[in-house]
Protein chains: 2
Amino acid sequence: MTTVEIFEVGPRDGLQNEKAEIATSDKIALVDLLSTAGFKRIEVASFVSPKWVPQMADSAQVLEGIMRAPGVSYAALTPNMRGLEGAIAAQADEVAVFASASEGFSKANVNATITESLARFAPIMDAAPMPVRGYVSCVAECPYDGATDPADVAKVVAELVAMGCYEVSLGDTIGRATPEQIDAMLKAVTDVCPAEKLAGHFHDTSGRALLNIDVALSHGVRVFDAAVGGLGGCPYAPGAAGNVATEAVLAHVERTGYATGLNADIIARAGQMALALRG
Amino acid sequence: MTTVEIFEVGPRDGLQNEKAEIATSDKIALVDLLSTAGFKRIEVASFVSPKWVPQMADSAQVLEGIMRAPGVSYAALTPNMRGLEGAIAAQADEVAVFASASEGFSKANVNATITESLARFAPIMDAAPMPVRGYVSCVAECPYDGATDPADVAKVVAELVAMGCYEVSLGDTIGRATPEQIDAMLKAVTDVCPAEKLAGHFHDTSGRALLNIDVALSHGVRVFDAAVGGLGGCPYAPGAAGNVATEAVLAHVERTGYATGLNADIIARAGQMALALRG
């Protein structure tokens with residue numbers, strides 16, 4: 001296989017950590033530009049409580065305001081049934097649930113054990129009329145528990161797939177994973193789930209995102225989440241890099257022989273727009 | 001050889017692009033902390049015109065105020081004789097001159113051709129009572145001229161060494177170099193200068209700094225410039241990463257089998273301090 005897909009997550013995972021309030025119209029303009037770049041999937045919204053993530057309070061308006069390009073799936077995060085209802089009403093094309101591979105992060109992020117959080121997703125999986133993607137956080141390192149056992153990641157991945165997730169995105173949430181950790185983690189995960197159902201979600205906080213992508217490519221992973229302009233930051237290292245930049249992933253995988261079907265010029269413009277939004 | 005030296009450039013190359021004015025006392029505190037981390041060389045000052053780089057206007061005060069750790073060389077940039085006089089008066093342990101490998105950047109940065117800029121350094125080399133390091137900008141890509149011919153880099157390196165520079169630092173000034181470009185450039189440069197006299201100065205704007213460091217390591221380069229906290233930004237891509245973070249280089253080279261003699265905990269604290277200064 002010589003194709004790599006980049007799942008653009010800038011408008012959601014990228015923007016959600018930005019402190020300055022970003023106008024709904026600016027978010028829509030960013031998504032509309034990204035829609036012309038060749039992405040098949042763009043994450044644009046999160047139906048979480050505005051108390052937790054005020055930046056995403058206008059998710060319904062964003063989904064309503066964007067121009068929907070044919071063949072592009074517009075995705076929304078849905079932590080619970082209420083979120084799913086919002087995503088359905090706003091006509092999200094796909095939704096995503098998120099679990100942690102580490103108990104410490106699960107407790108801190110969703111105030112539940114891993115098992116409890118997975119149980120919350122069961123009704124979402126049953127009710128969702130659209131495809132559901134799964135995210136797993138802290139697949140290598142957790143800010144609370146330290147190194148994550150690859151077996152713990154495999155277990156959560158297997159459960160998400162068994163529940164019906166069409167794909168599971170493996171997140172190095174704090175950007176501290178080493179290539180060796182990603183290798184060990186993917187060895188365990190691909191034992192329970194084919195690489196075709198996996199995505200890599202790497203943050204560049206330690207500058208190793210592209211190294212980790214190379215390891216994931218060697219395991220057969222062909223989908224990578226990235227945020228245009230490297231939007232996002234890392235809540236655990238203020239000022240440090242967060243999501244790996246779409247521009248960086250695009251240049252890297254094309255340089256090493258994969259096709260992406262993406263327009264680098266449009267993405268560069270979107271990156272400038274994203275950085276301007278960040279202020 | 002299994003040792004890699006990181007030349008800490010955060011207090012100079014890192015801070016100089018920061019727009020907010022940073023108090024002299026904060027700069028001194030950052031250098032003093034860095035002085036306890038095991039670095040052999042720290043770039044702390046730049047005796048350029050304050051009109052060009054207002055952030056560096058207090059270079060003499062910084063050099064006067066820091067506690068000088070035994071065995072640490074405190075470096076200053078000196079573009080001309082007046083800068084050298086300032087560096088001598090402030091007792092900089094070493095100084096640096098900077099040339100470009102591309103005519104476009106040379107014209108824009110120092111308003112001179114490459115040949116003219118090298119001629120300006122001759123009296124500095126003659127007069128400097130301390131070691132002089134050379135910087136070469138745009139060793140792979142230039143914001144004005146595009147790709148740089150490796151032969152052009154080799155020519156400037158050879159001239160700087162012939163003029164007496166004890167080491168030449170090869171800068172991917174705009175952070176767009178690919179590993180293939182660095183490989184081709186170092187093939188040409190090591191034909192005219194032994195790797196022991198070279199340093200790599202990579203920016204992480206495209207996320208490829210560690211990939212480029214690996215290529216440089218394969219050519220025998222064992223000195224890398226880096227800025228704590230990834231300070232610096234890129235003047236050609238506002239908001240994008242600039243200098244590769246010292247923390248990232250340290251973790252990467254130690255993980256791949258090199259000793260640095262650096263204290264990662266102190267450097268992490270310095271990184272936090274640097275990010276706080278950036279505001």
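Me: Why is Gln91(B) called exposed?
Reply: Its relative accessible area is 57%. Exposed means over 50%, buried under 20%, and partly exposed in between (1.4 Å probe, protein chains only). Gln91(B) is therefore exposed.

Me: What kind of model is this, and how is it numbered?
Reply: This is a predicted model, where local features need pLDDT of at least 70, side-chain atom pairs count only at pLDDT 80 or more, and totals for chains, interfaces and linings use all residues. Residues are numbered from 1 along each chain as its sequence is written, chains are lettered from A and ligands numbered from 1 in the order in which they are written, and side-chain values use heavy atoms, without hydrogens and water.

Me: Where does Gln91(B) lie?
Reply: In chain B, the loop between helix 4 (81-89) and strand 4 (94-100) holds Gln91(B). Helices (H or I, at least four residues) and strands (E, at least two) are DSSP runs, numbered from the N terminus. Phi of Gln91(B) is near 60 degrees, a positive value in a residue other than glycine.

Me: Why is Cys138(A) called buried?
Reply: Its relative accessible area is 0%. That value falls under the 20% limit, so Cys138(A) is buried. Cys138(A) sits in the loop between strand 5 (132-137) and strand 6 (141-142) of chain A. Its phi is positive, near 55 degrees. Most residues other than glycine have a negative phi.

Me: How do you know that chain A agrees with a compact globule?
Reply: The rule, over C-alpha atoms, is 2.2 Å times the number of residues to the power 0.38. For 279 residues a compact globule would have a radius of gyration near 19 Å; chain A has 17 Å, which agrees.
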